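Subject: Handover of a structure and summary of findings

Dear colleague,

Please find the structure below, together with its sequence.

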Amino acid sequence: MSIVISRALCRVLSRQTAVPTNVSFLMGVDGHVSQGPWFASVLTLKTSAPLRAEPKKKKKVDPRREQMVRERLKKKLKKLERVPPELIPIEDFTTPAKYMDETRVRGAAQLPFEESERRALLLKEWSRYKQTQHRAEMEAVGLAVEAQREALEELRLESEELYQAALRPDPLLFPFNHQGPSYTPPKAQYEAPEGKYNNITKVYTQ
Amino acid sequence: MAAPCSRMASRPLWQFITNVRRTGLKHTGVRQISLGSACRAATQTRSKTESVASPWKLYGAVCLQRLPVISQERNPIEDQFAELMHQMELERSLLSDHEQRLLEDSERMTRKQADNYDSDEEEADYGGQETITAQDQEDTWEQKLKHFQPALRDRDVGGTPLGSVERCLGDSLVLLVQQTVGKETIWLLPQAQWEAGETLRQTAERGLSSLPEADFKATFLGNTPCGVYRYTFPKEVRTERCVGAKVFFFKAFLSAGSATSQKEPFLWVKKTELQGYLKPAYLEKVDRFILNL
């Protein structure tokens, strides 16, 4: 009986006061020595502060709730993914706004009649020149192809094996690279200056 | 010849070539398929008998071309047209940033020199900074350009020897060598006699590499010969077994290398100059596949 009363009293008092008074009261009631303020008697309930802060009890509904949340998020993600990816804009096709400016228009020069005549005649002359050039090129290529055909014919008459070897494609020929002609010949032992540039091209990711 | 030509050509040219190829080599193409299917042994025996019985000696020759290093001089009409195009493009264009800057700077200069010049108003816009005018920038750029001396285009004024690869940088040159054929030493494209067990292309490569005192690095354009020259030996040399010779030409582009000594056995000639060195019948066949394009 006394133990029960002491327990109840302990509970009441501990809510209001700190630990040392609790212990001194205990000492007074039980009459035996305790070793310090932190070693209470086994018979009394340990009503320390951490113990009183009851942790949340895990309810059974929580895992299901978390699962539901996760599923909802996944569904939202799928909806977003179903949207077709945004097309990367081709920047060459959109005229930048600064070129629509009117101040940039060059003064349209009025050509005199002679000048426009000269231009028309020159263009016609050029087309004639290009036509003869094209014809000459076609002829030259035709002759070359004919020469090759004759060569293959003669080779066939000679030996079938060599003919077959000649017809085989050369795998080492391609990729074929050749530096084309420039305006001035290359300078011997010329060191080109190193150029720096800042690359400001926009990179789009889908 | 066929494969790289088609790669370099424009669309109508490509169609032309395929047309010619289709009509010319159509039957050979069909026969090739039928040969490849079953009767290889028969063809091998046939080829063996053919090679034994063939009365023609085979040679592989190489037509080594040095492609042009600089662009050709323009014709008068090309010059005029280029100028016209430039002028027309300029007229149809908008002002560039640089040109606008020039205009603005010139306007500002006129405003400065005007009587009612309000310097506070002007400098308020620019925060009192010293601006480099576009004209100044142009001048600095021109100065920089003057410091650079490009190599001269026309080096032939000094008269480079015919054996040098550096002559006529604007045209494609062909290599000629002097070889003894029969009793004479004549100028011709470097050739070598075919030996059994090698393809004709290998013969041509051997012919090129066996040239004395020179190492030319060449890229051969495919396994197909581009031309053939057939000639019969004079009656004294003719026997039952060899009536004459067939020379098969292969095209190659010079990639690197040069003659180690400046001796005369080599000649680099343009297409127009070939006439002075090659025999007429030979020239007739060779002229066809040497393109001046």
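A residue is called buried under 20% relative accessible area, exposed over 50%, and partly exposed in between, using a 1.4 Å probe and protein chains only. On that scale D79(B) is partly exposed, because its relative accessible area is 38%. The side chain of D79(B) meets that of R74(B) in a salt bridge, at 3.3 Å from N to O. A salt bridge here is a side-chain nitrogen of Lys or Arg within 4 Å of a carboxyl oxygen of Asp or Glu.

Please note that this is a predicted model, in which local features need pLDDT of at least 70 and side-chain atom pairs count only at pLDDT 80 or more, while totals for chains, interfaces and linings use all residues. Residues are numbered from 1 along each chain as its sequence is written, chains are lettered from A and ligands numbered from 1 in the order in which they are written, and side-chain values use heavy atoms, with hydrogens and water left out.

The interface between the chains

Contact means heavy atoms within 4.5 Å. By this rule, 77 residues of chain B and 59 residues of chain A take part in the contact. The size of an interface is often given as the accessible area lost when the parts come together. Buried area is accordingly the accessible area (1.4 Å probe) that two parts lose on being put together, summed over both. Chain B and chain A bury about 6100 Å² between them, and 64% of this lies on carbon and sulfur atoms. On the chain B side, the most area is lost to chain A by I77(B), F81(B) and R288(B), which together account for 10% of what that side buries.

One of the pairs is E158(A) with K246(B), whose closest N and O atoms are 3.0 Å apart.

Chain B as a whole

Helices (H or I, at least four residues) and strands (E, at least two) are DSSP runs, numbered from the N terminus. Chain B has 10 helices and eight strands. Of its 293 residues, 37% are buried. Among contacts in chain B with a separation of 6 or more, 71% are between residues 24 or more positions apart.

Helices α5 and α6 of chain A

Two packed helices are described by the angle between their axes and the distance between the axes. Axes are lines fitted to C-alpha atoms, for helices over the stretch in contact, and angles run from 0 to 180 degrees between N-to-C directions. The axes of α5(A) and α6(A) come within 6 Å and cross at roughly 145°. From α5(A), the contact is made by L152(A), L155(A), R156(A) and E158(A), and from α6(A) by E160(A), L162(A), Y163(A), Q164(A), A166(A) and L167(A).

Within this contact, E160(A) and R156(A) form a salt bridge, with closest N and O atoms 3.0 Å apart. E160(A) is buried, because its relative accessibility is 8%, and R156(A) is buried at 12%.

L162(A), in helix α6, is also buried, at 6% relative accessibility. Leaving aside neighbours within four places in sequence, L162(A) is in contact with L155(A) and with L58(B), W194(B), E198(B), T199(B) and L200(B). E198(B) is itself buried, at 14%, and its side chain meets that of R206(B) in a salt bridge of 3.0 Å, N to O. R206(B) is partly exposed, at 28%.

R119(A) lies in helix α5, which covers residues 113–158 of chain A, and is buried at 8%. A network of salt bridges links E115(A), R118(A), R119(A) and E91(B).

Backbone features

A cis peptide bond joins F174(A) and P175(A), with omega about -5°; P175(A) is in the segment after α6 (160–167) of chain A. Q189(A), also in the segment after α6, has phi near 55°, a positive value in a residue other than glycine. Q189(A) is exposed, at 80%. In chain B, C168(B) has a positive phi near 45°. C168(B) is found in the loop between α8 (134–147) and β2 (173–181) and is buried, at 10%.

With kind regards
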